[in-house]
Amino acid sequence: MNKTLTSIGAALCVSLVLAASGATAQQVYDPMRPAANPLAPLAAGPTVQGPQAELDPELGNLPIGPGAEDTYYQCVACHSTAIIRQQRLTDDRWDYLWTWMIKEQGMQEPEPEIAEQILTYLKTHFSSER
């Protein structure tokens, strides 16, 4: 009896630790969850490397450049440009997120040339790889 209670108590403790840490038996990839960088300072937020690009206030303060206008009109149909501007995703995560928004969120898929221009713009200005 005592051994059973000890086993149940240990299982309960493990369950609580897993629940508190957010761990599950099967974790699903969430493209919106920021990637952890163990080398980053604790209080650091996204920063832009290199010279600051000129921003276009008519396009929600997106950086001026090829693809800015297409990016603006494609993205603001669902969310503000603030969501875009705060991102620092890898190029692969941008590709995944694009597919996820089309398949899971119902985003209207643009023509392939426009999609490529938008993804190039996003990767150029909002990538963690640059």
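Start with Asp 95, which counts as partly exposed at 31% relative accessibility. Keep in mind throughout that this is a predicted model.

What does Asp 95 pair with? Lys 123 forms a salt bridge with Asp 95, and the closest N and O atoms are 2.7 Å apart. A search of the whole structure finds one salt bridge, and this is the one. Lys 123 lies in helix H5, residues 112–125, while Asp 95 lies in helix H4, residues 91–105, so the pair ties together parts that are 28 residues apart in sequence. Side chains of opposite charge can pair when their charged atoms come close.

At 12% relative accessibility, Leu 119 counts as buried. Setting aside residues up to four places away in sequence, Leu 119 touches Trp 94, Asp 95 and Trp 98.

Now helix H5 as a whole. H5 has 14 residues and spans 20 Å from its first C-alpha to its last, close to the 20 Å expected at 1.5 Å a residue. Which residues of H5 are buried? They are Ala 115, Ile 118, Leu 119, Tyr 121, Leu 122 and Lys 123. An α-helix has 3.6 residues a turn, so residues three or four places apart point the same way. The cover over the buried residues of H5 includes strand E2 (62–63), helix H2 (68–75), helix H3 (81–85) and H4.

H2 can be read from its own side. Its buried residues are Ala 68, Thr 71, Tyr 72, Gln 74 and Cys 75, and they pack against E2, H3, H4 and H5.

Next, the aromatic rings. A search of the whole structure finds two aromatic pairs. In one of them, Tyr 72 and Tyr 73 are edge-to-face, at 5.0 Å centre to centre with 85 degrees between the planes. Tyr 72 is buried, at 19% relative accessible area, while Tyr 73 is exposed, at 54%. The other pair is Tyr 121 with Phe 126, again edge-to-face, at 6.3 Å centre to centre and 65 degrees between the planes. Tyr 121 and Phe 126 are both buried.

Past the end of the helix, Ser 127 lies in the segment after H5. Is Ser 127 buried or exposed? At 5% relative accessibility, Ser 127 counts as buried. The side chains of Ser 127 and Asp 91 are joined by a polar contact of 2.9 Å. A polar atom of the Ser 127 side chain also lies 2.9 Å from the backbone nitrogen of Glu 129. Leaving aside neighbours within four places in sequence, Ser 127 is in contact with Arg 88, Leu 89, Thr 90, Asp 91, Trp 94 and Leu 122.

Last, confidence. The mean pLDDT of the protein chain is 79, and 62% of its residues reach 70 or more. Over residues 10–14 pLDDT stays under 50, and the model has zero contacts beyond four places in sequence for them. Residues 43–50 also stay under 50, with five such contacts. Where pLDDT is low, the predicted coordinates should not be read in detail.

How values were computed:
Residues are numbered from 1 along each chain as its sequence is written. This is a predicted model: local features need pLDDT of at least 70, side-chain atom pairs count only at pLDDT 80 or more; totals for chains, interfaces and linings use all residues. Side-chain values use heavy atoms; hydrogens and water are left out. Rings of Phe, Tyr and Trp (its six-membered ring) pair if their centres lie within 6.5 Å; planes under 30 degrees apart count as stacked, over 60 as edge-to-face and the rest as tilted. Buried means under 20% relative accessible area, exposed over 50%, partly exposed in between (1.4 Å probe, protein chains only). A salt bridge is a side-chain nitrogen of Lys or Arg within 4 Å of a carboxyl oxygen of Asp or Glu. Helices (H or I, at least four residues) and strands (E, at least two) are DSSP runs, numbered from the N terminus. The expected span of a helix is 1.5 Å times one less than its number of residues. Contact means heavy atoms within 4.5 Å. pLDDT is the predictor's confidence in each residue, from 0 to 100. A polar contact is a pair of N or O atoms within 3.5 Å; within protein, one must be able to donate a hydrogen and the other to accept it, and residues adjacent in sequence count only if both atoms are side-chain atoms.
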